[in-house]
Each structure stands twice: as C-alpha cells, then as structure tokens.
Amino acid sequence: PDIPTQKNCQHDDKLSVTRKARLRSWLALHGITHRELARQVGVSPSMISRILSGERCPARRLEQLVALGVPCDLLPPASRNTRGRPPGSGKKGTTG
C-alpha cells in the first residue's frame, strides 16, 4: 500500500486540540514514545515534542514521521519556512 505523504494529507488545524489528543492516543496504542520517535528521526525528544504539538513543523521531519507510519492526518501541517531555525533563534554574536 502507498504511504501517505504530507502533500496529500488534509489538515484542519482549528481542531488541533483534538488532533493532538488523537495523536497521543495513537502513539500510546502503538507503544511509541517521543524518545523513540526522536531516535528514529534523528532529533532530540524536545524537538519531537515541538513538532508533534505544531510549534515547529519542518516538512522533512513530518515526512520522516509519515514514513515511520504515523498517520499524516494526526500531524500538524508543514510550516512554510522549512529550512533551518526560525529567524532570530540563533546564538547572539554568531554569523552564518
């Protein structure tokens, strides 16, 4: 069967609280922890929490989660700025 991608997922983030609750239930049902998802995606557990909550939504990471079997309708929509850190989040005094 085809694995759904972020491009063909329907999102209604007005229901984000419901989405988050359904995602928590799905993860619990499958015995998947944030730590395990983080390990498989290659990010920190705190980054996984930010992704799953919708605070950060890099398309590449969302696609990795879908490839791991997380239903795309339980994930937040990808953010428009999908490259690097958000503006202003870098360390002071550094360039580049």
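A: Helices (H or I, at least four residues) and strands (E, at least two) are taken here as DSSP runs, numbered from the N terminus. On that basis the chain has four helices and zero strands, so that its elements read α-α-α-α from the N terminus on. This is a predicted model, in which local features need pLDDT of at least 70 and side-chain atom pairs count only at pLDDT 80 or more, while totals for chains, interfaces and linings use all residues. Residues are numbered from 1 along each chain as its sequence is written, and side-chain values use heavy atoms, with hydrogens and water left out.

The part to examine is helix 3, residues 45-53, where M47, I48, I51 and L52 are buried, that is, under 20% relative accessible area with a 1.4 Å probe, counting protein chains only. These four lie on the same side of helix 3 because they cover an arc of only 130 degrees around the axis, the arc being that of the directions from the helix axis to the C-beta atoms. Their cover includes helix 1 (16-29), helix 2 (34-41) and helix 4. Just after helix 3, G54 adopts a positive phi of about 95 degrees.

From helix 4 (residues 59-67) comes R61, which is in contact (heavy atoms within 4.5 Å) with I51 as well as with V41, G42 and V43, leaving aside residues up to four places away in sequence. R61 is buried yet has no salt bridge, meaning a side-chain nitrogen of Lys or Arg within 4 Å of a carboxyl oxygen of Asp or Glu; the nearest side chain of opposite charge, E63, is 10 Å away, where Lys and Arg count as positive, Asp and Glu as negative, and His and the chain ends are not counted.

Terms used
Buried < 20%, exposed > 50% of the residue type's maximum accessible area, 1.4 Å probe, protein only.
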